Amino acid sequence: MPPNPTVSIAIVDDHTLFRKGLIRLIELVGSQYVIAFEADNGKDLQEKLLTFPAPDIILLDINMPQMDGYQTVQWLNEQPPTIVTGK
């Protein structure tokens, strides 16, 4: 049987306790899911996408300071695919 491919996930939320709880739930689901990184808001996500490989999935809060979820999705949609996919 072929090994399960891993799925990398970034979690973007300004509530640290919520992020940590979500990470714990994801870890309980299975080892094929790995947390690529965490970010406090959209601006923090932008910075981390410059240094970390792009995740397969971004779990994004809507209500955050500095750059909310709507603004972040708009920014992601305006970026060249190389920024969002890391390729």
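This is a predicted model: local features need pLDDT of at least 70, side-chain atom pairs count only at pLDDT 80 or more; totals for chains, interfaces and linings use all residues.
Residues are numbered from 1 along each chain as its sequence is written, and side-chain values use heavy atoms, leaving out hydrogens and water.

Helices (H or I, at least four residues) and strands (E, at least two) are DSSP runs, numbered from the N terminus. Together with helix α1 (residues 16-29), β1 and β2 make a right-handed β-α-β unit. Right-handed here means that, with the strands pointing away from the viewer, the path from the first strand over the helix to the second runs clockwise.

Now to the helices. Helix α2 (residues 42-51) and helix α3 (residues 69-78) pack at an angle of about 30 degrees, with their axes 9 Å apart. Axes are lines fitted to C-alpha atoms over the stretch in contact, and angles run from 0 to 180 degrees between N-to-C directions. The contact (heavy atoms within 4.5 Å) is made by Gly42, Leu45, Gln46 and Leu49 of α2 and by Thr72, Trp75 and Leu76 of α3.

Gln46 of α2 counts as buried because its relative accessibility is 17%, where buried means under 20% relative accessible area, exposed over 50% and partly exposed in between (1.4 Å probe, protein chains only). Not counting residues up to four places away in sequence, Gln46 touches Met67 and Trp75.
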